[in-house]
Number of protein chains: 2
Amino acid sequence: MNPVLVEVLRGAMVESAHRGAVSVYDGDGKAVWEIGDTNRPVFPRSAVKAIQALPLIETGAADAYGFGNRELALACASHSGEPEHVELARAMLARAGLDETALECGAHWPTSEAATIALAGAGGRPNQLHNNCSGKHSGFLCTCCHAGIDHRGYVGAGHASQEMVREAMVAVTGAAHGEENRGIDGCSIPTYAVPLKNLAHGFARMATGARLGPERASAAKRLLSACMAEPFLVAGTGRGDVPLMQAAPGRIFVKVGAEGVYCAALPELGLGIALKCDDGEIRAAEVMIAAVLAKLLGKDDAAAKLTGLANPTLRNRMDRHVGALRPTAALA
Amino acid sequence: MNPVLVEVLRGAMVESAHRGAVSVYDGDGKAVWEIGDTNRPVFPRSAVKAIQALPLIETGAADAYGFGNRELALACASHSGEPEHVELARAMLARAGLDETALECGAHWPTSEAATIALAGAGGRPNQLHNNCSGKHSGFLCTCCHAGIDHRGYVGAGHASQEMVREAMVAVTGAAHGEENRGIDGCSIPTYAVPLKNLAHGFARMATGARLGPERASAAKRLLSACMAEPFLVAGTGRGDVPLMQAAPGRIFVKVGAEGVYCAALPELGLGIALKCDDGEIRAAEVMIAAVLAKLLGKDDAAAKLTGLANPTLRNRMDRHVGALRPTAALA
């Protein structure tokens with residue numbers, strides 16, 4: 001039974017509550033802080049996009065196509081479908097001679113309401129580039145093209161693209177990735193349920209390079225650095241990952257995943273973090289990760305900003321203050 | 001500690017889980033079925049709009065303005081802001097000589113994505129009529145105008161409009177409604193946290209009229225009947241309340257509330273139901289209410305439809321089947 005980690009207040013009363021588990025590891029595989037059941041397998045979903053992007057660099061595709069921080073950040077993103085995201089995904093595909101018809105992630109209206117309204121107002125319709133995963137998928141497609149692999153069907157579990165991703169996930173997390181723990185993600189690629197502690201250890205390795213080998217260690221650092229340099233491209237306007245990474249520029253990597261997951265790293269402390277809100281609520285996962293980061297950074301200036309992010313207020317349609325979210329003592 | 005009532009599956013594995021409490025009462029105040037802690041106060045939010053609409057009928061306003069099932073259903077609604085909802089709210093206000101500028105609920109884009117896209121595509125902007133609570137607020141305003149009460153500030157806890165609502169809530173639920181359990185709702189009116197068992201008993205009274213007095217009993221039945229006759233106006237395209245009420249037309253009343261609440265009634269069985277998902281997730285509250293209704297209706301034809309609604313499948317952006325929600329044994 002995982003403890004309540006976040007309470008939702010209306011006025012002075014608790015209206016809703018969120019349970020969860022948290023794991024913090026160092027690169028050598030030492031558990032630094034654990035809350036709840038961190039052995040239970042969880043689907044990390046989009047929180048591991050930085051690991052899934054390793055083959056993009058390791059195959060040489062990123063360099064061949066001239067990708068810098070912006071493109072690498074978008075390859076690790078769950079973006080909001082704002083024009084800057086869409087145009088960058090289009091440009092990435094164009095470097096490999098492809099367009100959005102090669103994407104197999106499906107189309108949806110931008111997750112940004114403002115972007116949806118602007119697109120609809122201009123008489124537009126969304127295509128696959130607006131899918132929040134289009135940057136990751138563009139990375140997969142570029143990897144295939146550079147490596148001379150037929151990209152058709154690249155989302156399938158047996159395709160060389162997903163096999164490269166799976167190999168990277170196994171190597172970084174140390175967890176088994178097989179049929180028995182495989183599900184299908186929202187964007188159609190495989191996602192594998194692994195224990196939070198493996199994810200935490202994996203992100204500590206991504207940050208420190210511990211036992212990854214020099215090439216993979218370098219690729220991992222390059223990806224985390226790109227995300228920290230371009231937080232807007234990893235998420236979008238008003239999204240949690242942006243202020244979290246901006247709280248201490250270049251020192252905090254975070255990535256949200258569907259169903260209340262966060263993976264994170266503090267490179268200077270050599271720590272990796274993974275957490276999941278039991279019920280899948282992202283609002284609570286955001287509070288959890290902010291509280292965990294504030295605690296780990298201690299008396300740092302960034303901790304005050306993170307504590308603010310861990311205690312958001314709730315305002316209603318008339319902008320009246322009606323409540324708040326707060327971390328419980330279990331996170332203090 | 002409330003039990004897990006709903007599991008979210010990805011492939012064959014549980015990805016997320018939702019806890020909750022359920023109370024089923026008859027009109028005489030007998031507990032018929034209880035799960036979890038039904039004594040803990042919960043904010044019912046929009047799930048009690050039918051009780052909040054009692055003064056609209058009891059003051060004679062509804063009859064004076066010629067309101068039928070459609071207007072009464074909208075007064076009990078959390079609508080999706082589709083054109084039919086917006087125009088009906090506008091027409092209700094017009095009967096009292098008012099327009100949307102009298103509303104104090106605030107404006108937001110329609111909760112229906114399709115309605116938002118259509119509105120934006122036509123170059124429009126939302127006003128207070130698009131607020132999901134505009135029908136309820138139009139009812140409050142019509143009540144004030146008919147009763148000769150200055151409607152300005154009608155959302156405030158001390159205003160005659162909200163005092164009428166509070167009196168109805170106290171009478172129907174038997175629970176105290178005071179400053180100590182008061183919060184502010186999303187649409188700015190007061191909301192009071194009361195035990196689930198009081199809400200369940202209250203909706204059994206709404207359905208049966210037990211100890212409400214003949215006038216209130218008649219008003220209650222008229223409101224529930226209106227909602228059951230016009231489920232689309234209570235919610236909107238693709239929303240849970242519609243198929244739930246359509247599963248057995250005229251025999252099931254349900255109303256969702258924010259933060260995972262449902263109130264419901266089965267008039268022919270004389271039962272009232274109230275439930276809350278601990279974490280506030282509506283997807284889980286929908287599964288809970290469908291499973292509870294299926295169980296209570298037993299071998300009824302409607303039960304098969306409700307069991308289907310209690311076991312929705314999850315499809316991804318490419319329309320692939322990726323998972324499902326299911327009620328746990330605690331609801332069987």
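Start at Ala290(A). It lies in helix H13 of chain A. Helices here are DSSP runs of H or I with at least four residues, strands are runs of E with at least two, and both are numbered from the N terminus. Is Ala290(A) buried or exposed? It counts as buried, at 0% relative accessibility. Buried means under 20% relative accessible area, exposed means over 50%, and partly exposed is in between, with a 1.4 Å probe and protein chains only. What does Ala290(A) touch, once neighbours within four places in sequence are left aside? Leu244(A), Leu306(A), Leu309(A) and Ala310(A). Contact means heavy atoms within 4.5 Å. Pro327(A) is 37 residues from Ala290(A) in sequence, and their C-alpha atoms are 9.2 Å apart.

A word on the basis. This is a predicted model, in which local features need pLDDT of at least 70 and side-chain atom pairs count only at pLDDT 80 or more, while totals for chains, interfaces and linings use all residues. Residues are numbered from 1 along each chain as its sequence is written, chains are lettered from A and ligands numbered from 1 in the order in which they are written, and side-chain values use heavy atoms, with hydrogens and water left out.

Next, Asn198(A). Look for helix H9 of chain A, residues 196–208. Asn198(A) is buried, with a relative accessible area of 17%. Again leaving aside neighbours within four places, Asn198(A) is in contact with Thr173(A), Gly174(A) and Ala175(A).

Now the two chains together. How many residues of each chain are in contact with the other chain? 48 of chain A meet 48 of chain B. The size of an interface is often given as the accessible area lost when the parts come together. Here the buried area is about 3900 Å², and carbon and sulfur atoms give 54% of it. That area is what two parts lose on being put together, summed over both, with a 1.4 Å probe.

Polar contacts next. Between chain A and chain B, 26 residue pairs are in polar contact, both residues at pLDDT 80 or more. A polar contact is a pair of N or O atoms within 3.5 Å; within protein, one must be able to donate a hydrogen and the other to accept it, and residues adjacent in sequence count only if both atoms are side-chain atoms. On the side of chain A that touches chain B, strand S2 (13–26), helix H6 (113–121), strand S5 (182–184) and strand S12 (321–327) each supply at least two residues. S2(A) gives the most, with seven. That side of chain A divides into 15 nonpolar, 16 polar and 17 charged residues. Nonpolar covers Ala, Val, Leu, Ile, Met, Phe, Trp, Tyr, Cys and Pro; charged covers Asp, Glu, Lys and Arg; the others, Gly among them, are polar.

Over to helix H6 of chain B. Its buried residues are Ala115(B), Thr116(B), Ile117(B), Leu119(B) and Ala120(B). They pack against H6 of chain A. After H6(B) comes Gly123(B), with a positive phi near 80 degrees.

On to charges. The whole structure has 36 salt bridges over all chains. A salt bridge is a side-chain nitrogen of Lys or Arg within 4 Å of a carboxyl oxygen of Asp or Glu. Across the interface of chain A and chain B there are four. Glu15(A) pairs with Arg45(B) at 3.1 Å, N to O. Arg45(B) also pairs with Asp185(B), at 2.7 Å. Both Asp185(B) and Arg45(B) are buried. Which residues are linked in a network of salt bridges? Arg10(A), Glu15(A), Arg45(B) and Asp185(B).

Back within chain A, Asp300(A) and Arg251(A) meet in a salt bridge at 2.3 Å, N to O. Asp300(A) lies in the loop between H13 and H14, and Arg251(A) in the loop between H12 and S8, so the pair ties together parts 49 residues apart in sequence. Asp300(A) is partly exposed at 24%, and Arg251(A) is partly exposed at 23%.

Last, the rings. There are six aromatic pairs over all chains. Tyr65(A) and Phe67(A) have ring centres 6.0 Å apart and planes at 35 degrees, so the pair is tilted. Rings of Phe, Tyr and Trp (its six-membered ring) pair if their centres lie within 6.5 Å; planes under 30 degrees apart are stacked, over 60 edge-to-face, and the rest tilted. Both Tyr65(A) and Phe67(A) are buried.
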